[in-house]
Amino acid sequence: MSGLLFAGATLPDGTLSDILVRDGFVERIGSDLKADGCEVIDVGGLRVLPGLVDLHTHLREPGFEASETVLTGTQAAAAGGFTTVFAMANTSPVADNAGVVEQVLGRGIDSGYATVQPIGAVTVGLGGAELADLGSMATSRARVRVFSDDGKCVHDPLLMRRALEYVSTFGGVVAQHAQEPRLTSGSQMNEGAVSARLGLTGWPAVAEEAIIARDVLLAEYTNSRLHVCHLSTAGSVEIVRSAKAKGIKVTAEVTPHHLLLTDETASEYDARFKVNPPLRTNADVMALRQALADGTIDIVATDHAPHPSEHKECEWNDAAFGMVGLETALSIVQLAMVETGLLDWVGIARVMSHQPAVIGGVDDAAGVLAEGRIADLVFIDATSRSTLTTDDLAGKSINSPYLGMELPGRVVHTVRHGYFTQRDGVIVSADVVSRATRDYDNSHTGAGTEVTDG
Amino acid sequence: MRHLLSTADLARDEAIGLLDSSEDMATTADRAHKKLPALRGLTIVNLFFEDSTRTRISFEVAEKRLSADVINFAAKGSSVSKGESLKDTAQTLTAMGVDAVVIRHGASGAAYQLANRGWIDVPVVNAGDGTHEHPTQALLDAYTIRKRVHGSSSRGKGLDGLRVTIVGDIAHSRVARSNAWLLTTLGAEVTMVAPPTLLPHARESFPVVMESDLDAVLATNPDAVMMLRIQKERMHHAFFPSEREFSQLWGLTAERFARLSERTLVMHPGPMNRGLEICSEAADSPQSTVIEQVANGVFVRMAVLYSVLTGSEA
């Protein structure tokens, strides 16, 4: 495999440096590196980050291929600078057994645009009644470590306790979609002044907070790990903060959209803004930003949720929950966190790459930019500003709330395992990527064991 | 006025203009020949995705009095019941040359979407959308209050200084929402009364006072008391324990009615649950405006349709 020399990249800490990539790995990081037969790419000061890792992606395959497939979803990932995505389990059939998670894993390997790490369901069919085949998913080729019924809450406290205890056997974590179902029956948007004005059924903050409060207590009692998906309220932040202060093993994620948008966006009944958990108030947005900055919230995860247009161009009550997010995540986080001075680029690398890899149990293979590590890299032009159009969305669906907004930052190159998945802002064609990923796999049989500490 | 979607959008002079125009429409009701040629040659579709015989007939009478051609579209048995989208239904109908759409829909925001999404390009009148708004109901309520209070000198007047109490399922009521904005815009002081389970969680959402003690509010001698219809199925979702208890605490019972001043108007948008939210003594009393509200509904809807279709007041 030939090498690539990225000349003049700005590392997360601001240092200007060259990066030499060979055989899928970062061979050298330093100044004035020799090309030594490698192709030289002058990146002219572009910022480089370790390839982004998304702990919360809906790839929709199998079952909902009209919305997204593993191939199109990982193309969206490449467009957004992601090199690893965790595929949520709410497919059809549900990823609640080894067969489905291995199928999703296989589709990811075929695609080559990103490493696809399947998430396993906690309960059979997301039914909330009996435990799924947790152990066989963990020991399958997909090596599942994150378990989630996302889209639905594991609301039965006994089942949640058992799941927390059981997955600790293999170092797993339960990623909880915190939503008390009885308190959110028929809910359409955040419960507050806006929902009252619009006549839409409210989704009260307490329905999220009550579950998180219960779950951190269960995690403490069972000495197990809990991960809270898409935390959305100021009250949830306080619960997680106090749980962490007590030493409870809890981690939490926030989506880009909850860092930027509020429930006022529902005012025109445009269902692109309908999402679960719902967009909250400005006070919640400010609390979430602060919590991400101070580490109470560990990571950003997209909750990329593609839907076909007919599921959004309809009455609000009938519209699907969710918005696409992979392509725009970095821009939104730059807008909400970097341009407000709350996080620097080292912080961005932490919350969008390293920590997601740690929580997901793939930090041996992803989330670090260092010599000797796999060459998953993203190069961005943080100074760019452009208006988002559907042309910028590389996935199958266009249900983005940011269309027409001017956003900062632009992903220029995405490199996975030493090959381009996006180059000069253009997604590399599927056959080229597919050939590159096969070449990588052929030359790294058992790659996982070859990784050095770097 | 291009559309009528919400009373929150109505400025005071615009609202008074519509009420004055309704007065003009009312004068035609006393003539032997009631029909005006104002909308001759124009076609209006009544797009009713929710059953509502009263509102639909009221609009239909208003349209016919203005000589418009009327198409009634009920969702049941139509392509909608086969899964056609709101967008496709509206586009199909307007492709046939409809000049205005009156829409009643179970989903909040449906009228707003129809008017603003670029799907169609004709005036839209909201005849009730989910638990959001029912603007023509609020206009007819305002008209009814103004007429009772100011009689033949109503023109040009608002509802300044009047105190209106609205009682019942505020949280789920499109009538309450539309009245909250309109009556306040017209200068009235509005108090809403319900058990806390049936008030909006965010009390600051509306420019009104929210209370739960009906007797205390009635003791202040409001100028009008509007009772809202209680949906009996709310009981099953733990909003209140029983009909009997609701009636005792928040119903306009004979005993409460007897304590009201004879000047206090008793209003109800209908259909009434007699014996639940309102007693027959009150509903059938001279203070009751229930029948007038129905009659006035036609005049107000004539004024609204005339305004959106001709861009002027009568």
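In strand 15 of chain A, A:Val300 is the bridge partner of A:Val254. The two residues belong to a predicted model, in which local features need pLDDT of at least 70, side-chain atom pairs count only at pLDDT 80 or more, and totals for chains, interfaces and linings use all residues. Residues are numbered from 1 along each chain as its sequence is written, and chains are lettered from A and ligands numbered from 1 in the order in which they are written. Helices (H or I, at least four residues) and strands (E, at least two) are DSSP runs, numbered from the N terminus.

Strand 14 (residues 250-254) of chain A and strand 15 of chain A run parallel and are joined by 2 bridges; two strands are taken to pair if DSSP finds at least two bridges between them. Both belong to an open sheet of 5 strands in chain A, with parallel pairing and the order 9-10-13-14-15. Strand 9 (146-147) and strand 15 (299-300) of chain A each have a single partner strand, so one side of each of these edge strands is left without a neighbour in the sheet. Helix 6 (residues 205-222) of chain A lies across strand 10 (173-176), strand 13 (226-228) and strand 14 of chain A, and runs at about 165° to strand 13 of chain A. Axes are lines fitted to C-alpha atoms, for helices over the stretch in contact, and angles run from 0 to 180 degrees between N-to-C directions.

An antiparallel pairing is found between strand 2 (residues 16-22) of chain A and strand 3 (residues 25-30) of chain A, over 5 bridges. In this pair A:Ile19 stands opposite A:Ile29 in strand 3 of chain A. The hairpin of strand 2 and strand 3 of chain A has 2 residues between the strands, and A:Asp23 in this hairpin takes a positive phi near 55°.

Two cis peptide bonds were examined in chain A. The bond from A:Glu61 to A:Pro62 is cis, with omega near 5°, and A:Pro62 is placed in the loop between strand 6 (52-57) and helix 1 (70-79) of chain A. The bond from A:Ser92 to A:Pro93 is also cis, with omega near 5°; A:Pro93 is found in the loop between strand 7 (82-87) and helix 2 (98-111) of chain A. In chain B, phi of B:Ser67 is near 70°, a positive value in a residue other than glycine. B:Ser67 lies in the loop between helix 2 (53-65) and strand 2 (69-74) of chain B. Most residues other than glycine have a negative phi, and most peptide bonds are trans.

Chain B also has an open sheet of 5 strands with parallel pairing, in the order 7-6-5-8-9. Its edge strands are strand 7 (209-211) and strand 9 (265-267) of chain B, each of which pairs on one side only. On average, neighbouring strands of this sheet are turned by 20° against each other, direction ignored. Strand 5 (residues 163-167) and strand 8 (residues 224-227) of chain B pair in the parallel sense over 4 bridges, and B:Met227 in strand 8 of chain B is the bridge partner of B:Val167.

Helix 5 of chain B lies across strand 5, strand 8 and strand 9 of chain B, at about 160° to strand 9 of chain B. Helix 5 (residues 135-150) of chain B also packs with helix 11 (residues 290-310) of chain B, at an angle of about 115° and with the axes 8 Å apart. Residues of helix 5 of chain B that meet helix 11 of chain B include B:Leu139, B:Leu140 and B:Tyr143; among their counterparts in helix 11 of chain B are B:Val300 and B:Val304. By class, this contact of helix 5 with helix 11 of chain B has 5 nonpolar, 5 polar and 3 charged residues. Ala, Val, Leu, Ile, Met, Phe, Trp, Tyr, Cys and Pro count as nonpolar, Asp, Glu, Lys and Arg as charged, and the others, Gly among them, as polar.

Between the chains, 19 residues of chain A are in contact with 21 residues of chain B, a contact being two residues whose C-beta atoms, placed from the backbone, lie within 7 Å. The side of chain A that touches chain B divides into 8 nonpolar, 4 polar and 7 charged residues. The predictor gives the complex an ipTM of 0.94 and a pTM of 0.95. Chain A averages a pLDDT (the predictor's confidence in each residue, from 0 to 100) of 96, and 98% of the residues score at least 70.
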